[in-house]
Structures are given as C-alpha cells and as structure tokens.
Amino acid sequence: MKRFAFLLATIAAAWHGAVFAQALWPQKPVRVLVGLAPGGNPDTLARMLAAKWSEAFGQQFVVENRPGAGSTVAADLTAKSAPDGYTVLVSDSSVVTTAPHLFKSLPYDPFLDLRPVSLAVVVPMWLVVHPSVPVNSLAELVTFAKSEKEPMPYASSGNGSIHHLTMELFKADMGVDFTHVPFKGAGQSVPAMIAGDVKLGFIGYPAAAGAIKSGRLRVLAFSMLKRSTLTPEIPTVAETVDPGFDMAAPLGVFVAARTPPEIVARLNKAVNDAVRAPDVVERMGAVGMEPAGTTPEQYAKLLREEHERFGGVIRRIGMRLD
C-alpha cells in the first residue's frame, strides 16, 4: 500500500512539474543561436522566427551569430547548454546529417546531445558565376572549367556546409575541378563573389537577390529537381547536365537533449505557427524558402534518413574535413 501511495505521489509530482515547466517557459529572454554569419538563410530564418516567437510569448528571443566549423560551433554550444529551453539553435540539418561523416570527431553527439524540435523550412540553391566567367550555361561552364589550367575558386558558407557539399558533388559528377574557399556564411561569400575574388558558388536567394537582379552575378542553374517559381526561366542542374541532381538545405530548430518534452512541444507549436503565418509565408516565398513544419518525431526520423543519404554521398566523393 505504501509503495502504491509512493508511486501515485511520484506520478503526481511529475505531472505537476510538467505543467509547471510548460506554464513558466519562457520567463526570461531566450538565446537563438545561428552557426553562420549574418545575411544567409539560417540567419534570415532565425530573425523571422525570433520576431514571431517574441510576439507569441511576450519575451525577447535574441539572435546570436556564432559561426565556425560548418555550424558545429553553435551546435556544440546548444548541446552543452542547460536543458531548459533558453538556448535554441536554428541551423541547417548538416550539424546532424553531414558533420558526423565529414569530421573525424565532433565535440557533441548529434543524436544524443541535440533534441530536434521541428524542420522549419527547405531552402534550395542557385549556381551563380561572376560576370567575368565567359559562360552562359552549365554545359559551357563544364567545358570552360575543363579547359582552364588552374581551377577557378568557388565560395561556400563554410567547411561542411550544404553549399560546400553541393559543389563537391557537382564537381565529382561533372569531372571538373574548382578550388574551395570557405566563408562564415553568405553574408561574406556573396560580397566576395560580387567582387570577383571568387568566381562561382551555390547560394541561397536572400543574400544574392539584388546582385542577381542587377546582373552583378549570373545565374546558371537551380539545385532542385523542379524549377523554382522565383526563377522559372532558370533550368535545373538535373535537366541540363546531371540527371537526378537534387540538393537543398533543410533548416530546423534544435534544443539541448533532456529539455523537458513540455517545453519542446510548446516551442514546436511556435515554430509551426510561425512558418505557416501568412506574412511569414509571403516573406519566405520572396527569398525562396519553402515552409515545412513537422513534429519532433518526424524531424528526428528525417534526420536519420538524411544522415544515411549524405553519408553515402560523402563516401562516394571521398570528402573529409580532418
């Protein structure tokens, strides 16, 4: 009887603790980490989400850029933060799906130390070149690259980023060579491309839209299987030179493992509400983001699948960062 009473008391305490955690969070400003410099897709998304979350919860959600090592610096900070929901990571999924295959070791375990909250959006990329590159199509780019004595430099948003992996896959498929020049996000890589310091790269739309429209960068192709409604005149890589080529950056939200499920559920709802809000959908559409919104369990399953998929790609092209 005493044992039964103790069990009931334990369950009641746990239930009240869960309700208490859900009722209280957030009671102070929340840090929103981004693993790249300002200006790129993760930063753009984080600021849109933070604004919506601040409205919804009546607390400040403060975006903090902590670039480095393909966003794994920010992922590690999140993994090692207190599991209380006051440190949130907005990142492309590479911190879980590709980083374990690219780095010999990571300071965090992607499946044990991070808790997926929701896949927020999917972001495609465009392959652009500086106007000094004398090509107007992907076929011409491949031919030109093979004729050059020295490989042209290309930009990415950092070692191990989706932009880096996408170009390396394109290189392997096409049998061409370009020299990788990593930056700490599109806020740095795009100006370098506009200046001609690097000649090409796969990039998201937000940081380069102005340069594309003004002709300071020339668009050659779109990274996903179907053409983008933003640039319907631009062909895909798949339909021109590389059938089946289909790459995009899934951007999601994470917290530290062992964060109470009630807080995760509350944040999950906030993510999904934000990416489905009409004003956010309109803004995201203008920069090429496609809203998603999942349960934590759905995102965890997707991460496992993408981990396997990208592992196969990385092994095929022989890409390692250490």
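Me: What should I know about the model before reading any values?

Reply: This is a predicted model, in which local features need pLDDT of at least 70 and side-chain atom pairs count only at pLDDT 80 or more, while totals for chains, interfaces and linings use all residues. Residues are numbered from 1 along each chain as its sequence is written, and side-chain values use heavy atoms, with hydrogens and water left out.

Me: Why is helix H3 described as largely enclosed by the rest of the structure?

Reply: Buried means under 20% relative accessible area, exposed over 50%, and partly exposed in between (1.4 Å probe, protein chains only); helices (H or I, at least four residues) and strands (E, at least two) are DSSP runs, numbered from the N terminus. In H3 (residues 72-79), 6 of the 8 residues are buried, so the helix is largely enclosed, and the buried residues include Thr72, Asp76 and Ala79.

Me: How should I read a salt bridge, and which partners does Lys52 have?

Reply: Side chains of opposite charge can pair when their charged atoms come close; the criterion is a side-chain nitrogen of Lys or Arg within 4 Å of a carboxyl oxygen of Asp or Glu. Lys52 pairs with Glu55, the closest N and O atoms being 4.0 Å apart, and both lie in helix H2 (residues 41-57), 3 residues apart. Lys52 also meets Asp279 at 3.1 Å, N to O; this pair links distant parts of the chain, with Asp279 in helix H12 (residues 278-286), 227 residues from Lys52.
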